[in-house]
Structures are given as structure tokens and as C-alpha cells.
Amino acid sequence: MEEKTKNRFKIDENINKGFFSFLFLLITCILILFSVLAIISIHWSILSNINIHISISPKGINNYLRYYFEYKSLFSITIATVAAYYGILRLKIATDTYKDKLKQDRFDEFKFILQSRLSEIEVKNPFMKREFERIRHKLFNKLYEKKFSLSNKQDLIDIFNEFFKERVKAFEREDREFKNINVYDTAMSSYSFDNFRFVFLSCVDSYIGISRDLQVLYIENMDKKRRIDGDEYTMSAMNYGKRL
């Protein structure tokens, strides 16, 4: 509920910003139009009045400029508004550039930390490494929106369902360390979860208890038909260990 309220507030805020930007641009365009019409009117009056003497001299230029005084308020407001508009536009460009720079720096940091963790699991589960690298940009953008903070279980569920829910079975199936063991010790056992947790939790600032919630989500999305037999698992593990 809190997250929905925040999102709704952001949407309303963006709508308001967009409306006022459009309104300001509309006013600027109207003032420019009126100023252009005023200039046309001035020159029409000059050209249509044969008694007006305009020449390239101090007196002639003074006579010419005298016709602008009637519209001086309009011209002043137009110039001030256009200057303000371009000032705001340049400020927005500078702000966006600064934000992009901060985001790129944050991505470089995110990529470095993620890659260092992935290099440690590469031998055990190269498929998991490749998948993290494949979704890296999308995952970063989503976490960036949340300021890399998962403050509750719902935040975790949202991220997990979007990026990892459909990948869990493949993570488990491709784990090389236990690939030859096809049975599980308990219903909460997993061969690939520790590697996944090791990588995933390096990406976020998490709440207390996230590890347990993450494990439950991970187990829930594993193969429902997997065999669970403690004795058989022990024998398989022992035999697998001997082959090693």
C-alpha cells in the first residue's frame, strides 16, 4: 500500500510538472506571436505613412525606435519570459546531465561488485553467471528506482518475480557442483540457492530476515516433482564425494 501511494504521488507530481511546463511554453509562444504581430504593425505603419522620415542617421534611428515605445511593455515581458524559459531549459539539461553522470557512476560500481561475485560462482554455475550478466542493465534500472533498498518482503517479491521467478529451475538444473545428485535432503534443500543468495544480496541494501524470505521464494519456484529423501541423498552425496 505504501509503495502504491509513493508511485501515485510520483505520477501526480510528474503530471503537474508536465502541465506547468506546457503552460509556460504556451505563454512564451503567445508572447512571441504578439511581439511579432506588433513588429509587423510597426513596420506597416511606417511604410504606409509617407510623412514619416526614416533614415540611417541618429535622428532617423531615433524616429524609428520611437514607434517601439508603444509596445515596450509587451517586448519587455516577452524578452524576460523567453530568457527565463531558456534559462530553465538549460538548467534542466544541466540537471539531467548531472543525474545521468551519477547514474552511470552508480552503474559502474554496481557492475564491479556484481562481477566480482559472479566470478566466484562461475565454475559452480556458469549459467547463473550468464543470466545475471544478461539482465544486468534491467535489474540495475529497477533497483536504481528503489535506491537499491528492499525495505520489506513485498519489495523482494516484486524484484524476484520480475527477474528470477522463471529462472530458478534452470539455476538449479545447471548447478555443476551437484549436477549428478538428483535427490534432496529436505524440502528446503537447494543446490544453487547459496550461490544465488551470494550474488543477489550483494546488489541491495536489505531488511532483517531477507535471507529467509529469499530462500522461501526460491524453494517455492523449484521443481515441484523433485525427489526428497534424506537417506538416498546421504548415499548419493557420499558416492559423489568418492568419485571426486
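Buried denotes a relative accessible area under 20%, exposed one over 50%, and partly exposed a value in between (1.4 Å probe, protein chains only). The structure is a predicted model, in which local features need pLDDT of at least 70 and side-chain atom pairs count only at pLDDT 80 or more, while totals for chains, interfaces and linings use all residues. Residues are numbered from 1 along each chain as its sequence is written, and side-chain values use heavy atoms, with hydrogens and water left out.

**View 1. Lys101 and Asp105 in helix 3.** A salt bridge (a side-chain nitrogen of Lys or Arg within 4 Å of a carboxyl oxygen of Asp or Glu) links Lys101 to Asp105, with the closest N and O atoms 2.8 Å apart. Both residues belong to helix 3 and are four residues apart, about one turn of the helix. Helices (H or I, at least four residues) and strands (E, at least two) are DSSP runs, numbered from the N terminus. Lys101 is partly exposed at 49% relative accessibility, and Asp105 is partly exposed at 35%.

**View 2. The salt bridge of Lys146 and Asp155.** The side chains of these residues meet at 3.6 Å, N to O. Lys146 is buried, at 17% relative accessible area; Asp155 is buried as well, at 5%.

**View 3. Arg197 and Asp194 in helix 8.** The closest N and O atoms of this salt bridge are 2.7 Å apart. Arg197 and Asp194 stand three residues apart in helix 8, so about one helical turn separates them. Arg197 is partly exposed at 26% relative accessibility, as is Asp194 at 47%.
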